[in-house]
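Welcome, and please open your viewer with both the protein and the RNA displayed. We will go from one selection to the next.

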Amino acid sequence: MLDLRWVRDNLDVVQEALGKRDVRVDLARFRELDGERRRLISEVERLKSRRNTVSGEIAKLKKTGEPVEDQIKAMRELGDEIRKLDMRLTEIEEELGQLMLDIPNIPDESVPVGPDESANVVVRTWSEAPKFDFEPKPHWDLGIDLGILDFERAAKIARTRFVLYWELGARLERSLLNFMLDLHTAKHGYTEVFPPILVNDASLTGTGQLPKFAEDLFKVENENLYLIPTAEVPVTNIHRDEILGDDDLPRYYCAYTPCFRSEAGAYGKETRGLIRHHQFNKVELVKFVHPDNSYAELERLTADAESILQALNIHYRVIVLATGDLGFSSAKTYDIEVWLPGFGGYKEISSCSNFEDFQARRANIRFRETPKAKPRFVHTLNGSGLAIGRTVAAVLENYQQADGTVLVPEALRPYLGGVKRIGPVRF
RNA sequence: GGAGAGAUGGCCGAGCCGGUCGAAGGCGCUCGCCUGCUAAGCGAGUAGGGGAUUACAAAUUCCCUCGAGGGUUCGAAUCCCUCUCUCUCCGCCA
């Protein structure tokens with residue numbers, strides 16, 4: 001959510017940003033509601049002020065035993081009027097609030113302008129795609145042939161878009177998330193947390209999934225709780241409604257959680273393999289930072305996520321999302337796309353965003369620069385570091401051998417009990 | 001799941017037979033005084049949000065907020081209703 005006063009004073013900037021994103025919001029209506037709201041506030045507060053003074057007088061008169069019937073009668077009428085105006089004000093504020101929730105974040109100036117993903121820009125690539133003297137297989141063929149990925153039984157147990165990992169497959173998944181958590185906590189200064197994976201709607205509103213994107217979520221029946229689509233939700237909400245001290249910033253958190261997405265509307269897309277599932281594991285990085293530093297922090301956050309692929313020695317590229325492809329709450333986003341030789345292309349494995357104060361305002365996360373200063377909103381950032389399932393896919397496809405086995409990346413071997421190669425298993 | 005108790009400012013804690021209570025007192029913190037340094041002592045200050053005026057500054061002023069929402073009343077932290085959360089005991093379990 002943007003700042004009401006800021007929007008009022010910068011309607012042209014908002015209009016331009018909406019245009020860049022190709023989003024439509026009724027700003028004329030905004031102007032109307034905003035003006036009406038302020039008029040009503042002045043009016044109703046004038047009346048309340050009067051009521052307060054007269055009520056005080058009534059108290060005094062009663063003490064001295066003087067008659068107060070006239071005052072009480074007048075105040076009764078005044079009370080009715082106040083009630084009417086308050087109701088009208090509530091209506092206006094509700095509509096205005098709804099309108100404010102529909103306005104997406106303003107893209108940063110450095111974000112390329114374009115209608116969709118075709119306008120995204122590659123900012124760097126790391127290493128090179130491996131050369132194979134055979135036809136590299138997609139990870140689902142590799143995984144099925146090796147007996148470590150079992151999609152059929154997963155569909156029987158749950159439904160399609162789930163996976164059952166067997167043996168070294170399960171171990172690979174577990175080793176990757178441990179490896180990532182260890183690296184981020186030991187080398188990059190993140191504090192590990194393990195949050196609830198069911199959250200309430202206040203948390204989802206705080207990070208921007210609600211009210212607009214409810215259909216992407218799994219909701220628990222008969223409970224006001226949702227399965228998290230990403231650890232961003234519980235971890236960012238750790239500090240909801242808090243005022244941090246200046247020395248509390250920056251705060252870096254990393255968390256492993258399963259993630260759940262309904263993927264409504266995604267049927268027919270990427271139905272094979274590990275790419276797009278209803279349940280997947282992810283290690284998430286979340287930062288709370290001083291507003292002056294957030295863009296430098298975004299670069300570092302992205303570099304932290306990249307370091308995982310570097311340690312695994314897997315080719316990738318980093319792109320900056322164009323205005324039309326940018327997430328609703330984000331001011332700037334880098335996607336890290338990993339090379340999948342069997343799949344035959346790059347696939348997003350991490351998305352690193354600076355939300356500036358957009359989430360902080362919704363979630364009411366503030367800090368004081370000095371002990372007496374007025375609270376200001378922090379800037380929040382987050383990024384995957386990384387999506388585990390897609391990393392498994394990347395390891396399988398990039399490290400596959402001509403005989404259908406898969407070498408284990410050096411960095412991962414200690415986590416797999418020294419196993420150097422994943423060969424076929426049968427159960 | 002059953003029975004009971006409670007939710008007040010950074011923390012502790014009064015107020016709860018309705019009337020200058022945004023809130024006593026203490027602790028903590030900030031500034032000043034005092035002191036060879038420290039401690040102690042003395043004085044002052046110390047919630048958040050939203051309006052108006054204004055330069056979206058300072059200053060001034062007003063309104064709202066005592067878990068959340070609603071109600072009663074001229075007036076509610078104080079009375080009534082609903083919800084959420086916390087604690088204690090019992091049951092159940094990992």
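Select α3 first: with 13 residues, this helix gives the most to the surface near RNA strand B, where near means a heavy atom within 4 Å. Helices are DSSP runs of H or I with at least four residues, strands are runs of E with at least two, and both are numbered from the N terminus. This is a predicted model, in which local features need pLDDT of at least 70 and side-chain atom pairs pLDDT 80 or more, while totals for chains, interfaces and linings use all residues. Residues are numbered from 1 along each chain, chains are lettered from A and ligands numbered from 1 in the order written, and side-chain values use heavy atoms, without hydrogens or water.

Now show everything around RNA strand B: 23 residues, the closest being Glu45, Lys62, Arg76, Arg366 and Arg368. They divide into six nonpolar, four polar and 13 charged (charged: Asp, Glu, Lys and Arg; nonpolar: Ala, Val, Leu, Ile, Met, Phe, Trp, Tyr, Cys and Pro; polar: the others, Gly among them).

Two or more residues each come from α1 (4-9), α3 (27-64), α4 (69-102) and β13 (365-368).

Finally, go to Ser350 in strand β12 (residues 345-354). Is Ser350 buried or exposed? It counts as buried because its relative accessibility is 0% (buried is under 20%, exposed over 50%, partly exposed in between, with a 1.4 Å probe and protein chains only). Its side chain reaches the backbone oxygen of Ser384 at 2.6 Å.

How values were computed
A polar contact is a pair of N or O atoms within 3.5 Å; within protein, one must be able to donate a hydrogen and the other to accept it, and residues adjacent in sequence count only if both atoms are side-chain atoms.
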